[in-house]
Amino acid sequence: MVQVEGLTKLYGEFVAVNELSFAVQPGEVMGLVGPNGAGKTTTLRCLSGIIPPTRGTVRVGGHDIVRDAIAAKQQLAFFTDEPRLFDYLTVWQHLNFVARIYQVPDYERTGRELLEELEIANKRDALPGELSRGMKQKLAIACGLLHSPKVIYFDEPLTGLDPLGIRRMKDSILKRARDGAAIIISSHLLHLVQEICSRLLILKNGRKIIDGTLDEVTRKFSEQPGDANLEEIFFRATSEPGPGAPAGPPPLPH
Amino acid sequence: MIAALIYLQYHSFRNRLVSRFKRLQQPKYLIGAVVGGLYFYFYFFRYLFRGFGGRPMANLAVSPEHLQLFESGGALILFVIVLLAWIIPHERAALTFTEAEVAFLFPAPVSRRTLIHFKLLRSQLRIFFSVLLLTFFSRRFGGNAWIHGFGWWLMLSTLNLHFLGSSFARTMLLDHGISNRLRRLLVFGLALALAGGVWMWAKQTLPALGPADTANPAAMLDYAQRVLTTGPALYLLFSFRLMVRPFFAPDAPAFFDALPPVLLLFLLHYLWVIYSDVAFEEASVEASQKLAARVAAVRAGNWRGMKENQKARRPWFKLTATGPAATALFWKNLIGVGQVFSVRLGITILVVLVIFGFALNGQVHRQGISIVVAFFVAIALVYSLLLGPQVLRLDFRNDLPLADILKTFPLRGWQIALGEILAPVVVLVAFQWLLLLVGAGLLFCLPVKQEALFLAIALGAAFLLPVLDLLLLLIPNAAVLLFPSWIQTGRDSPRGIETTGQRLIFALGQMLVLVLALLPAAAAFVGVFFLLNFTLGPAVAVPAAALAATMVLAAEAGLGVMLLGKLFERFDVTEEQTS
């Protein structure tokens, strides 16, 4: 569903993403993790057509995101870490607007269901300024899911959500995956990634460190079977040992 | 304790200044600073001190016979400002602190009085810059720069203390159960009674103005001088006159003579503020949060986030789920227009234009209300072209901070561009066509002989205006996509001379592009007009020529929309954010 080959993004001489290749199939949830500045957000922006890649190709549902942008974008939804809303449109007007952009004829029924599911149906006529951070997040999600995207990207999806919202969001992601969507989640919350992702891609300095199923990644970075959780794996994969220094995470304070 | 606060203030100011200078390493700020500096020099600074080759643009140094009138005029303005400070505000006293200041200072062992001192100290910085600008400006009309500077400082500092004191008094009144409405009613009633008293006295004591006097500015000024400098107004404006007297002092001895009463007023205000025992902390915390939210909104590019009490607006038309997708952007921006244009703003514009029309009419000739309306229509039309595209920013200039969202839409660049700029075009054209209709209707009320020609001109204008508006809106939108970090879209809003310079450069650039775009259309207009004028007459030649020019402009606008779309497609959000 998502195929990335040799994706490279340069800013001047700075290499933000370097020769990245991977694929995500329908029904898969891929976790995109890496330290700050690893190139996760840049990668997601290239994958969603927000910024053009310097080199390489990105295909969404078989459509090239640069050459056949309209068809590719019709199939995807991108949820940014901060909900980005039009501050003079009400909740319902947002859905109406998105429905026209993505040509969703039965948006009224779908929109009502989404608002009910996300528990913001009573805020239908509210402006974003009247909503809490979590509610804005929910509205952005409702807008993104209105056209039933086949490919969904999440950038830190749990930011600002309460515990119930987090539970619902996880369930919602898994439900979309079961329905056949290909999902990529960029997050620093490794327990979230471990809980819901079937694949993992670790980035560092714009380069792919490893890409595979959770089991494959665990096997590669474990000295013995079952001796490491994802946090350990992350530190092992991303640490840069200096001369004479042991590899591994910084010690926890006692 | 105050030493720590002075330290904070000093280093904040110093670091801000250093970062401003460091910013000049970037060419866009350096060029802006040079142009802005030249502008300030030629427009203000060379008038500040004599001997630099600059002469005052007009010598309005106060002559002794007019000194009282100037003083009274200034005193009256101060009186109105103070009166409004007692009528308009409605909130409880809140010293505005940043969130960081609230976080550090409020839990710290800092007394309320020290906080007030800190606030006063900080406001001095703002006052200093205001004094500098005001002195630049007032010095252009003659007088001594130092006297002007100190005069402005005394006035602004005393007013600053008065605003603070009145906010404390307002809070005390609220605490004693006197509501804002009752306070406003009482102050407004008192002001009306005072104005009524002055009016009654003037009517009974002074000789009435004849029709000849109302047309004679000198007679009117003389009458105003007598009203303000004798009778009750003399006592009413006494303390305000004391405040403005140092500013109007013709020389140093006169200035020092006028100084002691103002310093006394200043001291009394200071004591009033310092000894007011009013709790402002809670309201200050709330105010700081609002301030932080506004700053965050503006930095995020959401200028409308500054507006409080934003209301949901109904869409102008029902948007169906199918059809051209770009219509959704047009529909969205039309809703946004409702947020920008309130009824209050509409009434204000109308009042200003009518007053302007009356003022112009008085200088031309008097032929009744129709002429006034005709002037109003003409002025409004010109202003709609000049200011309309600047005021109606519901396009890329507003949505650029959300460019990453727009870029995820399955639309081509030109569709997004067209959808973005269509709303301001439609609003402007509707307004202008309405004005043209009013203008055409006036032809039947005015003693105009060439109705057909005037109607032809109106028809020609009706053809031209939509494409002209489109073109006028395309230019700033293209500029914002080409040079997003030059045109302030709200992501960051640096201020200073360099920003003024940048704006000047852009204004000139936009004008140049517009002139270049208009040249082919003007050539088409002239060609068709001369071709038809001799055979069919101007009544046909004007609209036909306008139609030809419209077609040229429409072709240019069409190309412009395609170009704007390409620019948007190439616009790299991340590069702009990281640059």
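User: What does contact between two residues mean here, and how many residues of chain A are in contact with chain B?
Analyst: Two residues are in contact if their C-beta atoms, placed from the backbone, lie within 7 Å. The model is predicted. By that cut-off, the partners in chain B number 32 residues, and those in chain A number 31.

User: Which helix gives the largest share of the side of chain A that touches chain B?
Analyst: Three helices of chain A each supply at least two residues of that side: α1 (40-47), α2 (69-73) and α3 (91-102). The largest share is seven residues, and it comes from α3(A).

User: How do the residues of the side of chain A that touches chain B divide by class?
Analyst: The side of chain A that touches chain B holds six charged and nine polar residues. The nonpolar residues on this side number 16.

User: Which domains does chain A have, and what distance separates their centres?
Analyst: The domain assignment gives domain 1 as 2-75 + 156-238 and domain 2 as 87-148 in chain A. Taken over C-alpha atoms, the centres of domain 1 and domain 2 of chain A are separated by 26 Å.

User: How many residues does each domain of chain A bring to the contact between them?
Analyst: On the domain 1 side of chain A, the residues are one nonpolar, three polar and one charged. Domain 1 of chain A brings five residues to the contact, and domain 2 of chain A brings four residues.

User: What radius of gyration does chain A have, and why does it agree with a compact globule?
Analyst: The C-alpha atoms of chain A fill a box of roughly 60 × 45 × 35 Å along the principal axes. For 254 residues, a compact globule would have a radius of gyration near 18 Å. Chain A agrees with this, at 19 Å.

User: What percentage of the contacts in chain A with a separation of 6 or more comes from residues 24 or more positions apart?
Analyst: Of the 254 residues of chain A, 46% count as buried. Among contacts with a separation of 6 or more, residues 24 or more positions apart account for 67%.

User: Which strands stand at the edges of the open sheet of chain A?
Analyst: The sheet has six strands, ordered β6-β7-β8-β3-β9-β10 in chain A, with mixed pairing. The twist averages 15 degrees from one strand to the next. Two strands have a single partner each, so one side of each lacks a neighbour in the sheet: β6 (76-79) and β10 (207-213) of chain A.

User: Which residue of β7(A) is the bridge partner of F79(A)?
Analyst: β6(A) pairs with β7(A) in the parallel sense over four bridges. Both faces of β6(A) are covered, with L76(A) and F78(A) buried on one side and A77(A) and F79(A) buried on the other. In β7(A), the bridge partner of F79(A) is F154(A).

User: Which residue of β9(A) is the bridge partner of V33(A)?
Analyst: β3 (29-33) and β9 (199-204) of chain A run parallel, joined by four bridges. The partner of V33(A) in β9(A) is I202(A).

User: At what angle does helix α6 of chain A run to β8(A)?
Analyst: Helix α6 (163-178) of chain A lies across β3, β7 (151-155) and β8 (182-186) of chain A. To β8(A), α6 runs at about 150 degrees.

User: Which residue in the turn between β1(A) and β2(A) has a positive phi?
Analyst: β1 (2-11) and β2 (14-24) of chain A run antiparallel, joined by seven bridges. They form a hairpin with two residues between them. The residue with a positive phi, about 65 degrees, is G12(A).

Terms used: Residues numbered from 1 in each chain as written. Chains lettered and ligands numbered in written order. Predicted model: local features only at pLDDT ≥ 70, side-chain atom pairs only at ≥ 80, totals over all residues. Domains from an automatic or database assignment. Nonpolar A, V, L, I, M, F, W, Y, C, P; charged D, E, K, R; others polar. Rg over C-alpha atoms; globule rule 2.2 N^0.38 Å. Buried ≥ 20, exposed ≤ 12 C-beta atoms within 10 Å, placed from the backbone. Pairing = 2+ DSSP bridges. Axes fitted to C-alpha atoms, helices over the stretch in contact; angles between N-to-C directions.
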